[in-house]
Amino acid sequence: MSSLSSPFPKSQALFERAQQSIAGGVNSGIRKMEMPVPLYFSHGRGGRLYDVDGNEFIDFQCGQGAILYGHAPEGMADAIGAQARLGVHWAAQSELEIEVAERLQKMIPSAERVRFNSSATEVVIAAFRIARAHTGKPLILRFEGHYHGWGDEGLVGFAPPPDKWGEEEAPSRLHPSAGIISEVTERFVVARWNDIEHLRRRVAQYHGQIAAIVFEPCGCNTSCIEPIPGLLDAIRELCDAEGALMIADETITGFRYGAGGAQTFYGASPDLTVLGKAIGGGVPFAALVGRERFFETVVSGKVVHAGTLNGNPLCLAASKWCLDTILALGPEHPGPLIALGRELMKGLSELAARHRIPLFVQGPGQIFHGTMLKPGAAEGPVVSYRDYVRRHDAPRWAHLRRCLLGHGVRAIERGLWFMSLAHTSADVAEALERAEPAFAQHAAEWSAG
Ligand SMILES: Cc1ncc(COP(=O)(O)O)c(C=O)c1O
């Protein structure tokens, strides 16, 4: 697997075949970023994935974060299998849905009430709808570089290119997709993350019009930027002062940051929380949880919340197993996961230094991000989306990522690394052994141009 030429011939052939039936060959645009070819997998086990060419990868992509429990855990397979024999879908009630909801109440202090959906994108739509209906106000304030699903409303101002940034004080509401309801952008206010005074000014500017402030408690979708001290308190205070809802999008951080999510980890008390990914461990499952009073509009029927597959028993069975796994870890979680991630971060930093590769890793550990610094870029933590774009050398990271893939280590195309509960210290040590020749290859090829 050391050559960049073609360790993936079967994936290549399948990708060519796929393009004759699946539009563009993939079912989510981002998957096309995988170089040299989007890979096709045959199976996974624990922290490892196996592709159709027989290559084995120590996997830190982890299903974009959903695979917190590792690939194909036995207990989850048993739970899904047992439920499948009873029925996969009823579009009706089951005791299972109450059992999962009760577990969420137990785990997350702000989860007084729960509603299920199949994806976090849907949950974001529900949360915004509830916020506007509850407050009677039109605007949602969000942060540059934070991702809230692929819907019209989730992507406003997510990651504009530098020539479309707009003023520092008034970040652009650019939507990356064609075909949206264009007026949707007018319903958002975009602010920069981790600048409390700027945030206060943005809120003051739209005083009386803001229905909610939505945020990723840790900016995982841009360089894994943790909140500066006081930021989450400031969001709470501003929401209270404005009568707006505080919406934590814990799609990535939920369960990964502990049973109580990032809100417990960092100490925040949101009104509504979006849960996805690890709540289902890889099955399509998501939830909106929050304070009881904010569900009144849903209970009364004023706000429509629906979905054929909501509370699907197959997904509920998987989720129950996932939540029980987290509960069984007790308050220690996520300590060991953080420690394991930090071992990997340290090892990658040492490799980078040894091979003179300007890779800078940051994040709490259970998830982290590698920024590849551009020539001459300042060192030190990335603090915002704009800072990241200014300093990150995307083509260079893509090259290193491809070298790593060629040596059996899989990270995310955008630079994120997810740890799973199935990874061990031995996996981390082996990943670093595999990464050594990948870093050497990258250094040699990159300096040769
Ligand atoms: C923070 C955040 N919110 C929402 C979503 C949307 O989740 P889904 O793709 O399951 O709809 C994602 C997906 O990556 C996310 O990272």
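## What covers helix H5

In this predicted model, the cover over the buried residues of helix H5 includes strand E5 (139-143), E6, E7 and H6. The helix itself spans residues 196-205, and its buried residues are Leu199, Arg202 and Val203. Because they cover an arc of only 95° around the axis, these residues lie on the same side of H5. Glu197 and Ala204 are exposed on the other side of H5.

## The seven-stranded sheet

Strands E5, E6 and E7 belong to an open sheet of seven strands, arranged in the order E4-E10-E9-E8-E7-E5-E6 with mixed pairing. Its edges are formed by strand E4 (113-117) and strand E6 (188-191), each of which pairs on one side only. When direction is ignored, neighbouring strands of this sheet are turned by 20° against each other on average.

Within this sheet, strand E8 (residues 245-249) and strand E9 (residues 272-275) pair in the parallel sense, with three bridges between them. In this pairing, Asp249 stands opposite Val274 in E9. Helix H6 (residues 231-242) packs on the sheet, where it touches strand E7 (210-215) and E8, and the direction of H6 makes about 165° with that of E7. H6 is also among the elements that cover the buried residues of H5.

## The three-stranded sheet

A further open sheet consists of three strands in the order E11-E12-E14, and its pairing is antiparallel. Strand E11 (359-362) and strand E14 (416-418) stand at the edges with a single partner strand each, so one side of each is left without a neighbour in the sheet. From one strand to the next, the twist averages 25°.

Strand E12 (residues 367-372) runs antiparallel to E14, and three bridges join the two.

## The surroundings of His369

If residues up to four places away in sequence are left out, His369 touches Ser223, Cys224, Val361, Gln362, Gly363, Gly415 and Leu416. His369 and Leu359 are ten residues apart in sequence, and their C-alpha atoms are 9.8 Å apart in space.

## The packing of helices H3 and H9

Two packed helices are described by the angle between their axes and the distance between the axes. For helix H3 (residues 95-107) and helix H9 (residues 313-329), the axes come within 9 Å and cross at roughly 30°. Angles under 35 degrees count as roughly parallel, and H3 and H9 are therefore roughly parallel to each other. Their crossing is left-handed.

Which residues of H3 and H9 meet? On the H3 side they are Leu96, Glu97, Glu99, Val100, Arg103 and Met107, and on the H9 side they are Pro313, Leu316, Ala317, Ser319, Lys320, Leu323 and Leu327.

How values were computed. Residues are numbered from 1 along each chain as its sequence is written. This is a predicted model: local features need pLDDT of at least 70, side-chain atom pairs count only at pLDDT 80 or more; totals for chains, interfaces and linings use all residues. Two strands pair if DSSP finds at least two bridges between them. Helices (H or I, at least four residues) and strands (E, at least two) are DSSP runs, numbered from the N terminus. Axes are lines fitted to C-alpha atoms, for helices over the stretch in contact, and angles run from 0 to 180 degrees between N-to-C directions. Two residues are in contact if their C-beta atoms, placed from the backbone, lie within 7 Å. A residue is buried if 20 or more other C-beta atoms lie within 10 Å of its own, exposed if 12 or fewer, and partly exposed in between; C-beta atoms are placed from the backbone. The arc is that of the directions from the helix axis to the C-beta atoms. Angles under 35 degrees count as roughly parallel, over 145 as roughly antiparallel, 65 to 115 as roughly perpendicular and the rest as oblique. A crossing is left-handed if the near helix is turned anticlockwise from the far one by less than a right angle, and right-handed if clockwise.
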